[in-house]
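The following paragraphs lead through selected contacts of a single structure. Please consult the sequence and the model while reading.

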Amino acid sequence: MFRFTKMLPLIFAFMLTANMSAQENIIDEVVWIVGDEAILKSQVEQERLRRQYEGEKIKGDPYCIIPEEMAVMKLFLHQAKLDSIEATDAEVFQEVEAKVNYYIQQLGSKEKVEEIFNKNMSELREELRDNTRDMKTMEKMQMSLVEGVKATPVEVRRFYQSLSKDSIPFMPEQYEVEIITFEPKIPQSEIDDIKNRLRDYTDRINKGEQDFSTIALLYSQDPGTAKNGGELGFKGRGSFVPEFAQVAFSLNDTKKVSKIVQTEFGYHIIQLIEKRGDRSNFRHVLLTPQVSEKELSETLVRMDSLKMDLDSAKFTFEEICAYVSHDKNTRNNHGLMVNPYTRTSQFQLEQLPVEVATRVKDMKVNDISSPFVMKDENKNKQVVAIIKLKSKVEGHKATVYDDYQALKDMLESSKRNKIIQDFIKKKQRETYIKIKDGWANCEFEYPGWVRN
């Protein structure tokens with residue numbers, strides 16, 4: 001999601017303070033009109049109370065900042081309607097269910113959620129749907145405005161030359177790191193235990209004792225989907241590893257639970273939610289085998305022998321990586337790690353896995369670490385690793401030669417910001433705007449709301 005200005009996009013989270021007694025004393029009135037859309041005093045007050053409740057500080061007068069944010073959203077939504085841009089039902093449904101499941105997880109039960117929000121689940125979902133649809137639609141509208149924004153090499157050089165000496169950005173230290181990882185052997189008893197647990201979950205679902213989504217919420221070890229009841233969203237076959245896709249896309253009955261599926265991430269059971277052409281939505285429960293301390297210790301010993309071979313130059317780090325490393329993402333790249341944020345091999349220290357960062361900061365170029373245990377976040381499991389510091393660039397003022405990509409990103413971000421800001425200013429001029437007396441005496445981020 002783009003954040004092109006300090007106040008975009010506005011997050012219309014469901015108001016936790018909706019049933020607070022202070023809200024009952026508000027006499028409602030229209031305080032802004034944007035086009036044919038009204039902004040009510042109660043809406044502004046409700047948002048102010050939500051932020052206060054959640055400890056979110058507002059830098060300035062909330063009765064200026066909040067209605068302006070709401071007005072900006074209405075400008076985007078109006079244009080999205082003209083351009084036939086709208087969030088899909090699937091996108092909205094997925095996020096709403098994620099929020100509902102989160103509330104249930106935090107508060108303990110559906111009944112407690114209804115009590116706190118003073119709404120039944122149907123009313124809660126309806127309100128969340130409206131807010132989520134607006135939010136997703138505005139995001140899509142923003143994306144459509146900045147789609148295709150690129151900076152050419154000539155533009156990047158001109159941008160750099162236009163910067164004053166004081167405004168040239170300081171680039172923090174950058175590291176290139178090579179890694180070899182080894183996954184400890186999982187005892188068969190641990191695998192058998194996991195399969196028995198998954199069979200038990202399947203029995204509970206088939207007997208109607210618990211819903212699949214509840215099982216996923218309570219027990220799945222996939223942190224990205226457990227809070228959503230295991231829901232994966234509408235995806236094509238190519239979005240999944242082959243073993244998972246083969247079983248998932250063979251399902252046709254939404255009440256049936258799949259057989260146990262083994263992938264590199266662990267062991268799954270899967271349930272079909274809905275098919276739409278070549279894309280389908282599934283739920284899954286993932287259990288990941290846990291490594292014993294004994295196996296970790298034995299793997300550390302084996303990797304220590306490997307470290308001795310590397311130190312004696314029997315093999316190069318790059319040569320041995322192709323034969324022994326279990327990390328497929330780096331194995332064919334001579335062990336070189338790729339930064340998921342920039343898609344380059346350069347990392348700032350805080351972008352590295354914490355276990356790698358704590359070691360690499362004290363290493364010299366070409367140093368090889370001792371073996372250590374780290375968590376593979378992609379697979380949610382412990383592995384043993386050795387790293388080599390391939391290169392290090394000290395912190396410095398940016399140059400076009402060394403920091404072209406960072407400067408290019410800065411320029412493209414600036415271009416996107418300008419497009420968004422120009423859009424808001426243009427829509428202000430074209431849209432009927434009326435602000436109630438007493439609500440316009442503000443230092444707005446976009447002064448065009450008030451016309452002389």
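In this predicted model, F444 has a relative accessibility of 11% and therefore counts as buried, the limit being under 20%. W32 is likewise buried, with a relative accessible area of 0%. The ring centres of W32 and F444 are 5.5 Å apart and the ring planes stand at 85 degrees, so the pair is edge-to-face. Because W32 belongs to strand β1 (residues 30-34) and F444 to the segment after β12 (433-435), this pair ties together parts 412 residues apart in sequence.

A further edge-to-face pair is formed by Y63 and W439, whose ring centres lie 5.7 Å apart with planes at 90 degrees. Y63 is in helix α3 and W439 in the segment after β12, so that distant parts of the chain, 376 residues apart, are linked. Y63 counts as partly exposed at 30% relative accessibility, whereas W439, at 11%, counts as buried. Across the whole structure, 9 aromatic pairs are found. Ring pairs also join F240, F244, F249 and F282 into a cluster.

Helix α3 (residues 62-82) also packs against helix α15 (residues 404-430), at an angle of about 85 degrees and with the axes 10 Å apart. The two helices are therefore roughly perpendicular to each other. On the α3 side, the contact is made by V72, L75, F76, H78, Q79 and L82, and on the α15 side by I420, F423, I424, K427 and Q428. By class, this contact of α3 with α15 comprises 7 nonpolar, 3 polar and 1 charged residues.

Finally, Q161 is located in helix α7 (residues 153-162) and counts as exposed at 62% relative accessibility. The C-alpha atoms of Q161 and L407 are separated by 11 Å, although the two residues are 246 residues apart along the chain.

Note on methods:
Residues numbered from 1 in each chain as written. Predicted model: local features only at pLDDT ≥ 70, side-chain atom pairs only at ≥ 80, totals over all residues. Heavy atoms only, no water. Axes fitted to C-alpha atoms, helices over the stretch in contact; angles between N-to-C directions. Helix = DSSP H or I, 4+ residues; strand = E, 2+ residues; numbered from the N terminus. Parallel < 35°, antiparallel > 145°, perpendicular 65-115°, else oblique. Contact = heavy atoms within 4.5 Å. Nonpolar A, V, L, I, M, F, W, Y, C, P; charged D, E, K, R; others polar. Buried < 20%, exposed > 50% of the residue type's maximum accessible area, 1.4 Å probe, protein only. Phe/Tyr/Trp six-rings, centres within 6.5 Å; stacked < 30°, edge-to-face > 60°.
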